[in-house]
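My plan was to check which residues hide and which ones show.

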Amino acid sequence: MSITVVFFVLWVRAPSIDDVILYSPANEAFESIGIIRLNGTLGASSIYRGSPSPEVDAAWDRISLNARPVGMTLEQLLRTGEKPSPAMTRYPDEYGGGYMSTVEVIHQLHCIDMLRRASWGNHDNSLGHNESPENYRIHLDHCIEMLRQNIMCRGDVTMLTYDWVEGVKDPFPNFNIPHRCRNFEKILDWVDEHRVFVPKSEMVRLEDNVDLSSPP
């Protein structure tokens, strides 16, 4: 009976498949800052919103510009569940070697920044991509699709309530809702501490690299 009880307790306490965190070298930067009430009030001021300006663009550049690539060792790559491939980009030995990578949140913020700029009619390739109008549209659609998949994957079930508001005919949603948040600044600090700076002229294919026939 005692053994049965012990195994039952261990089973109850065991993490479910939904609680398992995929490995990333950046996991060490995770720091919960508890329950934070998001500010979803229409028209609320924020350094990240408003018409493009040097100040607003600088705020977005700080959190999303240039993908901030870092390096992963072979061991770290394998722990992520990926397998090494001759097509994978690696850093030259003189820059520490390892596999070129970036954290997904930086890419997601880049996508939001692209949509922000496009919503203001900014199609001047200010992010440095120098894309044709056709490729720019493909890039935007890629960003929309990546954000859609990520939002549906995470399936946020935090509850929104509705209020009656004077002068508004229909119930109005309250977007100021609590979420359990991570310390993004700590993640950004980790990325910048591990960032690899390689001149574009030296970021070239290595002797054993091969090309994929099309993007993955």
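**Helix faces**

I began with H5, where Tyr136, His139, Leu140, Cys143, Leu147 and Asn150 are buried. I noted that this is a predicted model. Looking down the axis of H5, I found its buried residues within an arc of 95 degrees, so they line one face of the helix.

Next I asked what the buried residues of H5 pack against. They pack against H4. On the face turned away from the buried side, I listed Glu134, Met152 and Cys153 as exposed.

I also checked the length of H5, residues 133–154. Its 22 residues, at 1.5 Å a residue, should span 32 Å, and the end C-alpha atoms are 32 Å apart, which agrees. After H5 comes Gly155, with a positive phi near 50 degrees.

**Over to H2**

Which residues of H2 (residues 54–64) are buried? I wrote down Val56, Asp57, Ala59, Trp60, Ile63 and Ser64. They cover an arc of only 155 degrees around the axis, which puts them on the same side of H2. Pro54 and Glu55, on the other side of H2, are exposed.

For packing partners of the buried H2 residues, I got helix H4 (104–119) and helix H6 (184–194). Last, I looked at what follows H2: Asn66, whose phi is positive, near 70 degrees.

Notes: Residues are numbered from 1 along each chain as its sequence is written. This is a predicted model: local features need pLDDT of at least 70, side-chain atom pairs count only at pLDDT 80 or more; totals for chains, interfaces and linings use all residues. Side-chain values use heavy atoms; hydrogens and water are left out. Buried means under 20% relative accessible area, exposed over 50%, partly exposed in between (1.4 Å probe, protein chains only). Helices (H or I, at least four residues) and strands (E, at least two) are DSSP runs, numbered from the N terminus. The arc is that of the directions from the helix axis to the C-beta atoms. Contact means heavy atoms within 4.5 Å. The expected span of a helix is 1.5 Å times one less than its number of residues.
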